[in-house]
Amino acid sequence: MEHPQAEYLKYKSWYLEYPLRDAELLDGEALLAKAAELFRTMKPFNDYPNRALAGFRMPESR
């Protein structure tokens, strides 16, 4: 392929990460609020491949 991003098509796993400072882990309520905010932000990324795979079924072995 000639597209500059074509190399990424070979990857089978995708993930997002967000670094947290140790101090952010000490307050449970604040951590819960931060995690909820981050998950809401990340959800569109997760929705995209899920839409692409909607209705996909693995071929059945014979």
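A polar contact here is a pair of N or O atoms within 3.5 Å, where within protein one atom must be able to donate a hydrogen and the other to accept it, and residues adjacent in sequence count only if both atoms are side-chain atoms. The model is predicted, so local features need pLDDT of at least 70 and side-chain atom pairs count only at pLDDT 80 or more, while totals for chains, interfaces and linings use all residues. Residues are numbered from 1 along each chain as its sequence is written, and side-chain values use heavy atoms, with hydrogens and water left out.

Select D27 and E29 to begin: at the start of α1, a side-chain oxygen of D27 comes to within 3.2 Å of the backbone nitrogen of E29.

Next, select residues 28-52, which form helix α1 (helices are DSSP runs of H or I with at least four residues, strands are runs of E with at least two, and both are numbered from the N terminus).

Finally, show the whole C-alpha trace, which spans about 50 × 35 × 20 Å along its principal axes.

Notes:
The expected span of a helix is 1.5 Å times one less than its number of residues.
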